[in-house]
Each structure stands twice: as C-alpha cells, then as structure tokens.
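Reader: I am new to this structure, and I would like to get to know it. Could we look at it together?

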Amino acid sequence: MIPLTIAVFLKHHDDPFTLELVQNLLKTLSQNTYCLQPLQEKLIPTIVSILNLQREQAGSFTPATALEVLQTLVVNCKPPLSDSLIESAFPAMVHCILRSDDPAVMQNGGECLRAFVHVAPEQVFKYKNGEGLNYIMQVTTMLLNPTNNETTAAFVGKLVITLITKAGNFLGENIDLLLKGVISKLQLVRALNIAMSLLLTFAHLFLTQMEAVLNFLSTVPGPTGEPAMAFVFGNWLNRHADFYGTYERKVSIMALCKIFEYGVTSKDIRITSVTIKEPVKQATSTKPRTRSQTVDQWVAIPILVKIFKLIIGELVYLQEYELAGEESDQETEDEEEVPNPTAEVTVYQSGTLFNRYEEEIENNDPLLEELIRQEPMFQNSMEENLTKFLQNFSRDEHFREFTNHLNDDEKSALQRYVEINF
C-alpha cells in the first residue's frame, strides 16, 4: 500500500482529485503505528528532494504540493517527531519557503510550519541549539512582510496564534515582534479573509491573555502614532459583521463579550477611552421626512458601545440563519415528497448554510480539533451563550447607559431577549 500510494502521488501530483485521495490515504497510514515508520522512510526523502529542487529543475513537481503532503504527514503524527522529519524535512521546508516568491508555496509553507509547531514545539524550537527559533521567525516575518503579495498572509494569523499558544515560553521578546508584524501587515491588506486572519490573532489573545494584550496595544504606536489599540479595534469592530466561518465568528464574538465584560466592570481607561467612528442617520431638516431625506454622518462612539451593538447584531444573525436553515430544510423535504425531474434543485440545508464547527474542522483544519475540545465556548450553543450574556447584563447598573445608544432596530431586537421598556 505504501509504495503504491507514493507511486500514485509522483505520477499524478498535479491532479487535485488524485492528490486529495492520496492525502486521505496518508492520513490513515500515518495514524497506524505499524505503517508510520515505513511510510516516513519511503516518503520523506521524496518530499525533501522535491523541496530542494530549484525552480528550473522542478518541472511539473510543485514545492507547494510537496509542502501540502508534508503537512498532512506531520499533522497526523504523535510527538516526538522522527529524526527524519526534524533533521531533514524541517530545514528543507524552511529553505524552500525562504527562497520562494510563489504565494502558493508561502501559504502552504506557513501551514506546514504551523503543523510542526503544533505537534512538537519543543523539538522544533530546539533544533540545532536554537536555530529552529531563527528559522521560524524568518519564515513568519517573511509572511508578514507588508511588501509581499497579501495572499501570502492568508493563514499567517493561525500560525502566529499557534506560535504564541503552543510555544510562547520559547519566544520571549519575539512575541512583540510578531504582533507588530501583524499590525504592519493589517495596514495594507484589502481582502476580508486575510484581514480576518490577522485580527483573529488579537481575538485569541483577548480570550487567553487579556492583560498582556492590553499592555501591548496601549503602548505600541499604530500607523498614525496613536496607540495601536484604536487601530486594531477600528479594523476589528468595523469588519466583524462581515466575518464568515463558524469558528472565526465564534472566536471573534466571544472575545468581544470578554472585552465588554472586562471594560464595564474594571472601567479600564485603556479600553473606555477608545472610540470608533460609526455612521448614523441624520435628518436634513426638522420637517417630516422620508428615508431618502436622511444622510449618513459619522460620529465617534466608545468601543464598548459598539461591542454591545455587535453582540445584539450577532444574536439576530444567528437566529436568521437558523430560520433560513429550517425553511430550506422544509423546502427540501417538500421537493423530495413531490419530485420534479425538470426542476433545478439546489441543496441548501442548514448544515451547509451555517456549517457546524465539527464538520468545518474535519474538512478544513484538523489542527483546531484540540481547541474545540478545550474551549468551553464551543461546547454550548452560541445563541444560548449570547442570550444569557445579555440577560445577565440587563441586571447590571450600567445597562441603561448602553441602551441609550441603540437605534430603533437594535432596541427592537434587544427586546426579543431581555424584558425592557424603552
């Protein structure tokens, strides 16, 4: 089976469908203790040889594909990693990334490096008496370089999160360098998925290291010279409503809930002094008016007020998706009861509309399986979490201060979850 798998990979490495089948086979073989060693003995030299090829020598063999296969191999290994992975594959991977200007190589390389750090952080960082740390910082700094194509940073946020959470004790002052790199990269990116990846770095830190990230953002200057706190929250809060992916939205909104709770109870000036600009409808005159006779004006509001609005909006979002899923499920059942062979049927069930986190992890990011098992926020319904959050806050002495900032739609939405008269 192992020689056949490698043969198929070498012959059809440029076929996405075949590559997916090979990846599934490698995952299964890697998880079998009897197959792991012979698999690595046969496959790692092949991968390393591809990674060491210069561009003009590579021909149809793409380093990006080899990095993808190597990531699959590492992700499904149990620590400690074998000598061949650490002494041979790891440095070959790093050198391949550093000499490349191919966005696909950089993306896959960053994900492959994340796999190494996730599975065996101590082995990686201690490679050649600390050379591993230098390698990691070189690659991550390269991915965060503002002058590079922004697509190279598509997954770098996850890499930074993994570095801090799995190997923060090895990084020391390099943590500040990484976060400064994230801020620099965030200044220039336009694509939502990349901005989201970078911003989730700070969301994770607020969930796990509140005081440390507050100190960092309040002392490090942002693009305009003011503390980076305003820059990060300005980007984050204005983009949260557009975030997609169950995991991403959960991390973002739960971090915002934690920040809101901390800010209200502590009155920490590092948070309460920060404002964000928000568009509001202003009348053009005092006479009776239609919607078309209003204009958007930008006003500065405290970030805690904005977060409160986003929490309400997130709850509405979740309910709307659930309702849309139920309606599409019913439509699907009706179509099954009365089949119409000429009709164009679109499968749009709730599981597709709003992917369950477990399915998303299995299909897209096995490295996050550990998080779903450890984080309490993933164990309960987000709708239930946010409803309880608002109900608890409604009994707080500061509740009315925040409801005074709500518009009519937000007040109406809040009344669905909290008993309140305006």
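Reader: What should I know about the model before going on?

Author: This is a predicted model, in which local features need pLDDT of at least 70 and side-chain atom pairs count only at pLDDT 80 or more, while totals for chains, interfaces and linings use all residues. Residues are numbered from 1 along each chain as its sequence is written, and side-chain values use heavy atoms, with hydrogens and water left out.

Reader: How many helices and strands does the protein chain have?

Author: Helices (H or I, at least four residues) and strands (E, at least two) are DSSP runs, numbered from the N terminus. By that count, the protein chain has 23 helices and 2 strands.

Reader: What percentage of the residues in the protein chain is buried?

Author: Buried means under 20% relative accessible area, exposed over 50%, and partly exposed in between (1.4 Å probe, protein chains only). The protein chain has 422 residues, and the buried share is 49%.

Reader: Which residues make the contact?

Author: Contact means heavy atoms within 4.5 Å. Helix 6 brings Leu85, Ala89, Met93 and Cys96, and helix 5 brings Pro63, Leu67, Leu70, Leu73 and Val74.

Reader: How many aromatic pairs are there, and how is the one of phenylalanine 90 and tyrosine 135 arranged?

Author: Rings of Phe, Tyr and Trp (its six-membered ring) pair if their centres lie within 6.5 Å; planes under 30 degrees apart count as stacked, over 60 as edge-to-face and the rest as tilted. The whole structure holds 17 aromatic pairs. Phenylalanine 90 and tyrosine 135 lie 6.1 Å centre to centre with 55° between the planes, so their pair is tilted.

Reader: Where in the chain do phenylalanine 90 and tyrosine 135 sit?

Author: They are 45 residues apart, and their pair links distant parts of the chain. Phenylalanine 90 is in helix 6 and tyrosine 135 is in helix 9 (residues 131-144).
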